[in-house]
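Dear colleague,

Please find below the structure that I am handing over to you.

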Amino acid sequence: MRISRIVRIVFVTTFGLCFALPAAAQYIGILQSAETMNRGTYKLMVAPIMIFGKDGADNMTGFTARAGYAFTERFDLEAKLGFFDQGTVVGVDGEYWIFRGKDYNSHIDFSLTGGFHWMSRSDNRSDMMGFELTPQLSGHVTKKLELCVALDASFESIRDVPPGVDNSFTRLHLVPGIEYRLSDTIDFVAEFGIAINDNASNYAGAGLALYIR
């Protein structure tokens with residue numbers, strides 16, 4: 001009876017790790033400043049993502065794409081896709097520009113982004129869904145360059161896990177980044193996600209954003 005219980009605990013723990021370890025390796029990133037787009041503007045963005053392996057694990061790369069629209073001067077909505085070896089991530093988020101500085105070239109901006117995402121696993125394991133909440137600060141250091149920093153909190157849930165396996169976990173990242181205006185319609189964006197809890201991994205991403213007004 002005691003041996004059976006130990007075997008069951010080992011099985012459940014091992015099975016849970018099979019879900020939890022790969023689950024920390026898919027990020028779409030933030031890749032934007034705290035400023036929302038001008039009302040009526042469309043946005044298209046593509047960016048590769050590199051996730052750095054932990055405890056000897058290999059690094060992984062993925063590809064992300066976004067499409068957005070600004071409904072007001074302070075609120076925009078974006079659909080997002082992420083393609084990784086382990087699965088595909090689909091999501092949507094909305095950003096609200098809470099605080100807007102007075103001087104265009106020196107002001108500090110603050111926004112709050114919230115959204116949902118779904119990951120379809122390619123290895124026939126359970127899919128995942130999650131909710132993200134991201135407060136962000138940014139500010140212009142020149143007319144073309146913005147520095148950004150965000151705290152990204154992602155609350156994940158694994159679907160259809162066996163009884164006794166914890167199906168939820170949280171990932172936290174501190175995310176510094178930049179946004180640089182290449183032209184009136186194209187920005188270069190880059191960031192580094194610094195893992196600040198055990199369920200998160202460091203990552204880096206950079207890409208181009210096209211604005212259609």
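Is Arg66 buried or exposed? The model is a predicted one, and in it Arg66 has a relative accessible area of 4%. Arg66 is therefore buried, since the limit for that class is under 20%.

Salt bridges

Arg66 forms a salt bridge with Glu78, and the closest N and O atoms of the two are 3.0 Å apart. This pair links distant parts of the chain, with Arg66 in strand S2 (residues 60-70) and Glu78 in strand S3, 12 residues apart. Glu78 is itself buried, at a relative accessible area of 2%.

Glu78 has a salt bridge with Lys43 as well, where the closest N and O atoms are 2.9 Å apart. Lys43 belongs to strand S1 (residues 42-51) and Glu78 to strand S3, so this pair ties together parts that are 35 residues apart in sequence. Lys43 and Glu78 are both buried.

A further salt bridge joins the side chains of Glu156 and Arg171, at 3.0 Å from N to O. Here strand S7, which holds Glu156, is linked with strand S8, which holds Arg171, and the two residues are 15 apart in the chain. Both partners are buried: Glu156 has a relative accessible area of 3%, and Arg171 has a relative accessibility of 6%. Salt bridges with shared partners also connect Lys43, Arg66, Glu78, Lys80, Asp93 and Glu132 into one network. The count of salt bridges in the model comes to six.

Cavities

The structure holds four cavities of 30 Å³ or more. The second largest cavity has a volume of about 100 Å³. Among the residues that line this cavity are Arg66, Lys80, Asp93 and Glu132, and these four residues also belong to the salt-bridge network. Other residues of the lining include Gly29, Ile30, Gln32, Leu133 and Asp152. By class, the lining has two nonpolar, five polar and five charged residues. Strand S5 (108-121) and strand S6 (128-140) each supply at least two residues of the lining, and S6 gives the most, with three.

Two or more residues of the patch come from each of strand S4 (87-99), S5 and S6. S4 gives the most, with three residues. Leu133 is placed in strand S6, and its relative accessibility of 35% means that Leu133 counts as partly exposed.

Largest pocket

The largest pocket has a volume of about 510 Å³. It is lined by 33 residues, of which Glu35, Thr36, Glu179, Asp187 and Arg213 are the closest to the centre of the pocket. The lining has seven nonpolar, 10 polar and 16 charged residues. Strand S3 (75-84), S4, strand S7 (145-158), strand S8 (168-181) and strand S9 (186-195) each supply at least two residues of this lining. The largest share, three residues, comes from S8, the strand in which Arg171 lies.

With kind regards

Note on methods: Residues numbered from 1 in each chain as written. Predicted model: local features only at pLDDT ≥ 70, side-chain atom pairs only at ≥ 80, totals over all residues. Heavy atoms only, no water. 1 Å grid on protein atoms, 1.4 Å probe; cavity = no way out; pocket = protein on both sides within 12 Å on 5 of 7 lines; lining within 4 Å. Points joined across faces, edges and corners; volume = space filled by probe spheres on them. Helix = DSSP H or I, 4+ residues; strand = E, 2+ residues; numbered from the N terminus. Nonpolar A, V, L, I, M, F, W, Y, C, P; charged D, E, K, R; others polar. Buried < 20%, exposed > 50% of the residue type's maximum accessible area, 1.4 Å probe, protein only.
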